[in-house]
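Trainee: Please take me through the features of a model like this one, giving the general idea before each case.

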Amino acid sequence: MTMDTLNQDGNNSETQNQTPAQDQMKADNQKKMEEKRAENEEKDKKEEGLLLAIDGAKIKFNAHSGTFKVLHDVPTTQDKLTGTIVEKLVPNFIFEDGFILTQPTEWQNFGTVKVQDNKVLLKQSFLPGVGAIPGTPPESGKVEFVNSGQVNVPESIDAKGAPIPNKVEVLKKFMIHFRRNASYKGEFGFDWMRDEYIYPMTAVGGANKELSLDPAQLKTEYKTTDVLNPVSPYGKDYYCSFLNLMLNQEAELDIEVEELETLATDATEIIFESSSPDLTINPSSIPLSTLIAGGKKNKPLGGTTSRDYYIAANQVKVKCNKALIKNEQIKVFAKLKDAASGTDDKKEVGKMMVMKNSDQSKYTINVYVIKAFISDNTTFGEAVIDTEFAKIGGLSGLEKYLNENSLNQGLIQVKLIDKKDSKTLKIDLSTNTFNLVNRGINPRTNTPDDEYESLKGIITSIGPTSFEVDSGKSVNLFNKQMNKLYNFNQEKCILLYLCPLKTKDAGGSAYTIPLNNKHCIIFGTNLFDPQSYAHEIAHTLGLEHSFLSKDSSCNLVSLIDEKRNADNEVEKYRREVNRAKTDIDGQWTRYRNSNLAYFTQHPDKEGEYKKPYEDAKQKLTRKFTEYQGLKNDEKSLIDKNNVRFQRAYTENIMDYWGDDTNCDGTIDVRGIADKLSFNKFQWKIIQNEAKTYYH
C-alpha cells in the first residue's frame, strides 16, 4: 500500500519508491509538459511579434538601446501614432548613447494592412542598416523592436492582412479645404491647388489639358513642400492650402467639404486647432450639417472623373495676432461620438499652413516714380502720363493697390516717391535725342559713342502719330539719363518709369538679371492698368513669367533648354574672349619684334610697354567673369521659378491675358483678363529679393 502525506509547503510527497515503469511514465509526462510549455511560449512569442509597433516603442541596434519615434501624422493605436514602413529616417530612431542610424535600408517582416496607403510595422519587423556613434567606426546591424510600445493590449495583426484593431467606424468619409471667398481682391496671400492645374479640364489648343506643365511636380509642391506633418485622409491625396497674413491682419475664408462617401446630417463636428496661440481661428468648431446645408455640387474634372463637394461661404476668420517666427498650421478634425461605445471618433481631415511673417519689416521698398516722355511731341508728352495715371488714382491709388491688393500677398510693402529735393522726378527727351541714340550717337557730344552703341535701333517704328520703341533699350536709355540727373546707384530702391511711348508687343518691361537690377517701365498702353505695375515690379523682384518662353521658330523652350542655352552663351563668349586675348598677344608680339633692338638694349622697359596689353587682357577676363556670373544668376532664377503653366489661362499676376500661339502678331487666345494673385512659391522669391537687394 502506498500512503501520501502533505509536506510543509502543501505539496504531495511520495514516501514510497517508484517502479521502473512508473519512472518512465513520469519522464514521458514531464517531456510532454515541457513540449506543451515550449509550444505555448512560441505561440505567445508569435502573437507578441504581430502586435502593431507604435510611437514610443523600445528598439535596439546591436548593443545600442533607444526609442522609436513616429514622424508622420497618422491614425493612432492606444492614442499613439501607428508605425508604418515610411518611418525610416534618422530622426525616427533616438538612441540613448548617441548612436545614429546613418544608412537605413528598407523595413522587413511588416504587415500587409495599410494605414494611409503605407503598410504597418509589427513588433517582429526589423530594419537593416549602418550607423555609428559620432567619432567611432560604422557598424552594420538592424533596428529591432524590444517591445511594441503597446501596454496591456490584446490587439494583434496577422501578417497576412487582418484588419486594424477593433474600432467602430462611425464617421463618414470626407475632407475639408479652406478656400478664398468670392469677393477676394488680393487682400492677403492665399494659395491652393486649383483642380484645373492637375486635371484635363481646360480647352487648350483644341484639347482638354491640365494647366500645369508638370502636374507631378505641382502635386508635391502642395502635398509636402512647406507642409508640416502632411496628411492623407482615408488614403487620399490631400493638397494643403496656404495663407500669408500681415501682422494683425484677419482673413475671412470659405470652407469646402469634399465628399468621399455620401454624407448625411448627423452630429459630426468640424474642429479647427491652431499650432500657435498667436494664430487664432474663429469659430473653433462648426457642425458639419452647417457646412453641407447649401447642397451638394458636382465638378467635372475631365474625362469621366468628377468630384462631389459642398461650399459654405465666409465660415471662419483667421487672424495673426503676433509675428509668426516660423510656419504654423491649422489642423482640421472631424469628430463624432459613437453611440454604441460612447467614445469619440476623431480624424484629421484637412489643414492649412500659415506662413512665417516675422521678417515683414524687411520687405519694405522705396519705389521712385519717374515720368519719361518726349518734350517736343504732345502725343507722347507729360500730359498723356498725367491723364492715364489719374485713371488709377495717381500715386496714392497705385500705392494702395500694390500694398493692399497685390504685392502684399508676399508681405511686400512699397512707398511710392515722385520727388527728390522737392523736384518732380522726370526725364524729358527730345525727338532728336531719340534719333541720335537710334544711330548709336551720344546726344550730349553728338558723336558716336561705345556707351550708346548697344542702343542702336531703339526706334522700331516712327510716324506722325506713332512712335514705337524697343522696350529693353528704352529702359537702358532712361537709366543712363537718370544716372546723369540723379544719383540712385548707391540706394537700395526700385526705379519705375512711366512712359507714354508704345512698343510693338509690350505694355511694360523689366529685367530680372542682374539680380539687383532696379529698373522697370510702364508704356503708354498700360499706364491705366494697375496689374501691369505689379507685374513689372515683381519681375524686378525676381519673378519670371508663369509660362514658358518661345524661340525664334515659335516653339516653347523648356526650362532645361533655357539653362542649356545660358551655358552655350557662356561658352560662346568664352571663345570670343580667348580669341580677343590671342589677338592682343599677337599685337604685342608684332610690336615687340618691330622694336626688338630697343628692348634688347633696354630689357627693363619691356614690362612697361607690355602692361597696356596685359591690362586689356585682364579687362576681358573681368568682363567674362561678370558675364558668367550673370548667366549663373539666370540659371539660379530659372530653378527658383520652376513651376510653369499654360499661358493665359491662370489668374496669376505673372501670366498674360492672351497668347499669339502662331507668333504672327495676332492674339488668338484670350484667357483670364483679371490677374489677382501670386502663388506661394512666388511669395518666397519676392521676399528674398526684397530683403537682399531693395530694403
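**Contacts, charges and sheets**

Mentor: The side chains of R180 and E651 are joined by a polar contact of 2.8 Å, a term for a pair of N or O atoms within 3.5 Å in which, within protein, one must be able to donate a hydrogen and the other to accept it, while residues adjacent in sequence count only if both atoms are side-chain atoms. The model is predicted, so to speak of local features needs pLDDT of at least 70 and side-chain atom pairs count only at pLDDT 80 or more, whereas totals for chains, interfaces and linings use all residues. Residues are numbered from 1 along each chain as its sequence is written, and side-chain values use heavy atoms, with hydrogens and water left out.

Trainee: Where is R180 found, and is R180 buried or exposed?

Mentor: Helices (H or I, at least four residues) and strands (E, at least two) are DSSP runs numbered from the N terminus, and R180 sits in the loop between β13 (174-179) and β14 (189-191). Buried means under 20% relative accessible area, exposed over 50%, and partly exposed in between, with a 1.4 Å probe and protein chains only; R180 counts as buried because its relative accessibility is 14%. Contact means heavy atoms within 4.5 Å, and, not counting residues up to four places away in sequence, R180 touches F190, W192, R194, L253, D254, E651, L676 and S677.

Trainee: How many salt bridges does the count come to?

Mentor: Side chains of opposite charge can pair when their charged atoms come close. The rule for a salt bridge asks for a side-chain nitrogen of Lys or Arg within 4 Å of a carboxyl oxygen of Asp or Glu, and by this rule the count comes to 44. One of these joins the side chains of K400 and E404, at 2.7 Å from N to O; both residues lie in helix α6 (residues 394-404), 4 residues apart, about one turn of the helix. K400 is partly exposed, with a relative accessible area of 47%, and E404 is also partly exposed, at 39%.

Trainee: Which residues form a salt bridge of 3.9 Å?

Mentor: Those are K617 and E614, which both lie in helix α13 (residues 606-640), 3 residues apart, again about one turn of the helix. K617 counts as buried at 17% relative accessibility, whereas E614, at 26%, counts as partly exposed.

Trainee: Which salt bridge links distant parts of the chain?

Mentor: D659 and R647 meet in a salt bridge of 3.3 Å, N to O, and this pair links distant parts of the chain, with D659 in strand β38 (residues 658-659) and R647 in the loop between α13 and β38, 12 residues apart. D659 is buried, with a relative accessible area of 8%, while R647 is partly exposed at 21%. Elsewhere, salt bridges that share partners join R179, D195, E256, K299 and R307 into one network.

Trainee: Which side chain of opposite charge is nearest to D660?

Mentor: In that reading, Lys and Arg count as positive and Asp and Glu as negative, with His and the chain ends not counted. D660 is buried yet has no salt bridge, and the nearest side chain of opposite charge, K550, is 6.1 Å away. D660 is placed in the loop between β38 and β39 (669-670).

Trainee: In what order do the strands of the antiparallel sheet run?

Mentor: Strands of a sheet pair through backbone hydrogen bonds, either parallel or antiparallel. Two strands pair if DSSP finds at least two bridges between them, and here an open sheet of 6 strands with antiparallel pairing has the order β7-β4-β3-β12-β11-β8. β7 (93-95) and β8 (100-104) stand at the edges, each with a single partner strand, so one side of each is left without a neighbour in the sheet. Strand β4 (residues 64-68) pairs with β7 in the antiparallel sense over 3 bridges, and T67 stands opposite I94 in β7.

Trainee: Which strands stand at the edges of the mixed sheet?

Mentor: This open sheet of 6 strands has the order β14-β17-β25-β24-β19-β21, with mixed pairing, and its edge strands are β14 and β21 (285-287), each pairing on one side only. The twist averages 25° from one strand to the next, where axes are lines fitted to C-alpha atoms, for helices over the stretch in contact, and angles run from 0 to 180 degrees between N-to-C directions. Helix α14 (residues 680-694) packs on the sheet, touching β14 and β17, and its direction makes about 35° with that of β17.
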